[in-house]
Amino acid sequence: MAQPVVLIADPLDAAALEGLGADFDVRHCDGSDRGRLLAALPAADALIIRSATRVDREALAAAPRLRIVARAGVGLDNVDLAAAREAGVEVVNAPDSNTTSVAELTVGLILALLRHIPAAGASVRAGEWNRSAFQGEELSGKTVGILGFGRIGRLVARRLAAFDARLLAHDPHVPDGVAEELGVEPVRFDALMRRSDVLTVHLPRTPATTGIIGTAALAMAKPTLRLVNTSRGGIVDESALETALKDKRVAGAALDVFAVEPATHNGLLAYDNVLPTPHIGAGTRDAQYRAGRDAVSAVRRALLPEGGPARP
Ligand SMILES: NC(=O)C1=CN([C@@H]2O[C@H](COP(=O)(O)OP(=O)(O)OC[C@H]3O[C@@H](n4cnc5c(N)ncnc54)[C@H](O)[C@@H]3O)[C@@H](O)[C@H]2O)C=CC1
Ligand SMILES: O=C(O)CCC(=O)C(=O)O
């Protein structure tokens, strides 16, 4: 009997895939190449993706055998969940795979913004030794606002506790007491925007969160605000942010995610006080192994009786 086909449409950690070929016909395609994706989908019983592959109605219609879409990561904004439900296709993500990596990158970006670390490094490399140009600020004593207090937002709070910063969070879906237990003050959105010296965003991209950091929100912010977004492009309205940066109503931004990626031509790159990274929040060996491993486990559970033979 032919083995079920597992189509891998985004780069995955090789170690996480070990042994998969013994039980499945494993095929690879570049999911961001729409033509190749649509050509490969008719044979697929399972599809493993990251953030670059869009699984919409058209893709699902091209995949009549498909039983599961496994997202080796967290965000599911690239999957049409309603269409998958209608098609009877299970969708799973790997919610705990990259929390630590994103939280650590976030702390790094906050410190990099406050201390101008990338610009200082570039200046030395350019032959300068300009110590006064890069005078920064301490995180200690600052107020850090956390927008979205789920897995990543809470871990960021835990990590920041060591810096003696005052922590605020806004997340209407978090039960009472959760923030306080972590030494964080729960506040309304407007208070978060008004009081934060640093604002770090940890939301899923949904219709309700798209553009939530827009003109009105930025108008409430201190002109010294440093904004960090390691969640999803589009949650921060890029043209509103650009206007605020131009008018010096925001002091800087670190952006790991953009409305359109790759973001190599994004207008925000023209600003010295914008620190861009190429969507590397989950880009550690550790996180990628866990994400791939969890996606593979989900595929085994879905396609093999009893989850298939135990593997070392
Ligand atoms: N840069 C990267 O490589 C990565 C980015 N991400 C992004 O980070 C996002 C968050 O990840 P997790 O913390 O694991 O998800 P999570 O689901 O644990 O937390 C998200 C939180 O946002 C809250 N929320 C939803 N709508 C809200 C609103 N309008 N206002 C305030 N809070 C709201 C939810 O109640 C939830 O607590 C993911 O959805 C993904 O898009 C995740 C991993 C890697
Ligand atoms: O694996 C990726 O493609 C990036 C990680 C990410 O953005 C996520 O897990 O939501």
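Trainee: Which ligand 1 atom does the side chain of Asp256 lie 3.0 Å from?
Mentor: A nitrogen atom of ligand 1, reached by a polar side-chain atom of Asp256. I call that a polar contact, a pair of N or O atoms within 3.5 Å; within protein, one must be able to donate a hydrogen and the other to accept it, and residues adjacent in sequence count only if both atoms are side-chain atoms. Keep in mind that this is a predicted model, where local features need pLDDT of at least 70, side-chain atom pairs count only at pLDDT 80 or more, and totals for chains, interfaces and linings use all residues. Residues are numbered from 1 along each chain as its sequence is written, chains are lettered from A and ligands numbered from 1 in the order in which they are written, and side-chain values use heavy atoms, with hydrogens and water left out.

Trainee: What about backbone atoms and ligand 1?
Mentor: A polar backbone atom of Ile152 is 2.9 Å from an oxygen atom of ligand 1. For Gly150, a polar backbone atom is 3.4 Å from an oxygen atom of the ligand. On its own, ligand 1 has 860 Å² of accessible area, and the protein covers 86% of that. Those areas come from the Shrake-Rupley method with a 1.4 Å probe; for residues, only the protein chains shown count as cover.

Trainee: How many residues surround ligand 1?
Mentor: 24, and the closest are Arg151, Ile152, Asp171, Thr230 and Asp256. A residue makes the list if one of its heavy atoms lies within 4 Å of the ligand. The shell has nine nonpolar, eleven polar and four charged residues. In that scheme Ala, Val, Leu, Ile, Met, Phe, Trp, Tyr, Cys and Pro are nonpolar, Asp, Glu, Lys and Arg are charged, and the others, Gly among them, are polar.

Trainee: OK, ligand 2. Which residues surround it?
Mentor: Arg50, Ser51, Arg71, Ala72, Gly73, Val74, Gly75, Asn98, Arg232, His279 and Ala282. By class, that shell splits into three nonpolar, five polar and three charged.

Trainee: And the contacts there?
Mentor: A backbone N or O atom of Gly75 sits 2.7 Å from an oxygen atom of ligand 2. From the side chains, a polar atom of Ser51 is 2.8 Å from a ligand 2 oxygen, and one of Arg71 is 3.1 Å from a ligand 2 oxygen. The protein buries 91% of the 290 Å² that ligand 2 exposes when taken alone.

Trainee: Switching topic: how much space lies in the second largest pocket?
Mentor: About 280 Å³. Of its 13 lining residues, Leu113, His116, Asp272, Asn273 and Val274 are the closest to its centre. Strand 12 gives the most to the lining, three residues. Helices (H or I, at least four residues) and strands (E, at least two) are DSSP runs, numbered from the N terminus.

Trainee: How do you decide what's a pocket?
Mentor: On a 1 Å grid over the protein atoms alone, a cavity is a set of points where a 1.4 Å probe fits but cannot get out, while a pocket is an open set with protein on both sides within 12 Å along at least five of seven lines; lining residues have an atom within 4 Å of a point. Points are joined across faces, edges and corners, and a volume is the space filled by probe spheres set on them.

Trainee: Which residues does the cis peptide bond join?
Mentor: Glu261 and Pro262, with omega about -5 degrees.
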